[in-house]
Amino acid sequence: MTKTDEDFMALALALAERGLWSTDPNPRVGAVVVKDGVIVGQGWHRQAGGPHAEVFALAEAGAQAQGATVYVTLEPCSHHGRTPPCADALIGAGVGRAVVALRDPNPLVAGQGLERLRAAGVAVTEGVLAKAAAALNSGFLQRMSSGVPWVRLKQAMSLDGRVALANGASQWLTGEAARADVQRERARASAIVVGVGTVLRDDPRLAPRLGEDLLRHPVKVVLDSRLRTPPTARLFRTPGAVWICHGPQAPAGAMGPLQAAGATLLAAPQAAEGLDLLAVLRILAAREINECLVEAGPTLAGALLAAGLVSEWLLYVAPKVLGHDAQPVARLGPFIALEQVPQWRIQASTQLDADLKLLLYPKENA
């Protein structure tokens with residue numbers, strides 16, 4: 001059976017996915033070189049600052065790259081950054097055709113890589129498996145196009161939509177399989193974001209428990225308008241930088257001890273209740289944060305949902321009923337008509353032993 005452009009691009013996407021936990025803040029990219037229907041080279045971007053996918057694939061192909069077709073999940077770069085332009089490497093290798101899933105929205109690229117290839121006589125095909133490529137790099141694409149990161153809201157809840165008992169007890173609502181899945185979601189994020197209430201109540205580690213050999217550790221971000229985070233908090237003793245977003249009225253006396261503990265303090269505008277969340281997201285994007293995994297309680301979740309800032313909602317549903325006085329998944333409303341209620345679409349569901357993982361998108365974006 002003859003392989004199609006979609007088949008080879010699917011392989012390139014599978015290669016790109018290997019960088020799920022390590023390429024940040026760069027996009028995850030895979031490349032495959034094909035000569036006369038045979039794969040002669042393949043590669044994927046491993047880590048920011050290192051060679052790009054095309055470089056690995058061309059090195060494996062060697063002289064066979066001459067006249068070959070290269071499949072790349074994102075437009076080859078056209079500028080000198082930490083590495084030379086990949087478009088030039090493809091031209092220099094003499095490839096005859098380039099099949100690209102997506103254009104790179106980075107203003108430093110933005111179609112220039114494709115134009116450089118075409119100007120050199122390379123045939124270019126765009127848009128093959130574009131949706132899958134976009135899903136793999138949703139955070140990078142959103143940061144480059146809108147100046148805010150992809151916000152992945154993560155919560156565990158009961159069948160009756162409760163996240164904790166009235167007294168705040170919530171450990172462990174879900175089972176081991178669901179908790180292990182959360183560690184993988186943490187590892188892929190650029191930043192893990194929590195409110196200071198979570199820090200004060202649970203003293204979380206926030207670092208992924210996937211071993212110490214991760215090439216990159218997510219930044220731990222605390223939303224703490226009045227700098228109540230204790231300098232002795234456990235998150236200072238786990239891998240990954242700690243950033244604390246605070247308001248203009250934060251006490252100056254709290255800054256020194258937190259900085260001594262290792263925190264980077266980021267000033268953000270105040271809103272009516274808490275920090276201006278959109279401003280916080282813009283601050284994080286300016287610091288090259290692509291994907292935020294927000295581990296939120298009812299108040300922060302409600303604020304993000306009400307502001308329309310949630311790109312994706314991960315709900316881990318435990319087959320338990322916590323009762324009417326337990327804490328809700330989000331503090332929203334009051335609503336007086338169903339037309340006012342935010343609507344979501346279940347995009348995927350995964351059984352994790354006794355628990356169910358739901359992936360939801362806002363209905364208008366699904």
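**Figure 1. R186 and its salt-bridge partner, E295.** In this predicted model, R186 is tucked away: its relative accessible area is 9%, and anything under 20% counts as buried, so R186 gets that label. R186 forms a salt bridge with E295, and the closest N and O atoms are 2.8 Å apart. Find R186 in helix α7 and E295 in strand β12 (residues 291-295); the pair therefore ties together parts that are 109 residues apart in sequence. What about E295, buried or exposed? With 10% relative accessibility, E295 counts as buried. If you wonder what lies behind such a contact, side chains of opposite charge can pair when their charged atoms come close.

**Figure 2. K357 meets E185.** Here is another salt bridge, this one between K357 and E185, with the closest N and O atoms 2.8 Å apart. Which parts of the chain does this pair link? K357 belongs to strand β16 (residues 355-362) and E185 to helix α7 (residues 176-188), distant parts of the chain that are 172 residues apart. Both K357 and E185 are buried.

Figure 3. How many salt bridges does the structure hold? The count is 15. One of them joins R201 to D202, where the closest N and O atoms are 3.4 Å apart. D202 has a relative accessible area of 30%, so D202 is partly exposed. Now look for R28, R152, R188, E291 and E312: salt bridges that share partners join these residues into one network.

Figure 4. Strand β10 (residues 242-246) is mostly covered, with five of its five residues buried. Which residues cover the two faces? V242, I244 and H246 are on one side, W243 and C245 are on the other, and all of them are buried. Strand β9 (residues 219-223) runs parallel to β10, and four bridges join the two. Here V222 stands opposite I244 of β10. Strand β11 (residues 263-267) also runs parallel to β10, joined to it by five bridges. In that pairing, H246 stands opposite A267 in β11. To get from β10 to β11, the chain passes through helix α9 (residues 255-261), and this β-α-β crossover is right-handed.

**Figure 5. Helices α2 and α3, side by side.** Two packed helices are described by the angle between their axes and the distance between the axes. What are those values here? Helix α2 (residues 53-61) and helix α3 (residues 86-93) pack at an angle of about 20 degrees, with axes 9 Å apart. Angles under 35 degrees count as roughly parallel, so α2 is roughly parallel to α3. The crossing of α2 past α3 is left-handed.

Figure 6. Most residues other than glycine have a negative phi, and most peptide bonds are trans. A few places here go the other way. The peptide bond from D24 to P25 is cis, with omega near 5 degrees; P25 lies in the loop between α1 (5-16) and β1 (30-35). From G333 to P334 the peptide bond is cis too, with omega near 5 degrees. You'll find P334 in the loop between β14 (327-328) and β15. D203 is not a glycine, yet it has a positive phi of about 50 degrees. D203 sits in the loop between α8 (196-202) and β9, and at 28% relative accessibility D203 counts as partly exposed. L227 has a positive phi as well, near 55 degrees. L227 lies in the loop between β9 and β10 and is buried, with a relative accessible area of 6%.

Notes:
Residues numbered from 1 in each chain as written. Predicted model: local features only at pLDDT ≥ 70, side-chain atom pairs only at ≥ 80, totals over all residues. Heavy atoms only, no water. Buried < 20%, exposed > 50% of the residue type's maximum accessible area, 1.4 Å probe, protein only. Pairing = 2+ DSSP bridges. Right-handed = clockwise from strand over helix to strand, strands pointing away. Salt bridge = Lys/Arg side-chain N within 4 Å of Asp/Glu carboxyl O. Axes fitted to C-alpha atoms, helices over the stretch in contact; angles between N-to-C directions. Parallel < 35°, antiparallel > 145°, perpendicular 65-115°, else oblique. Left-handed = near helix turned anticlockwise from the far one by under 90°.
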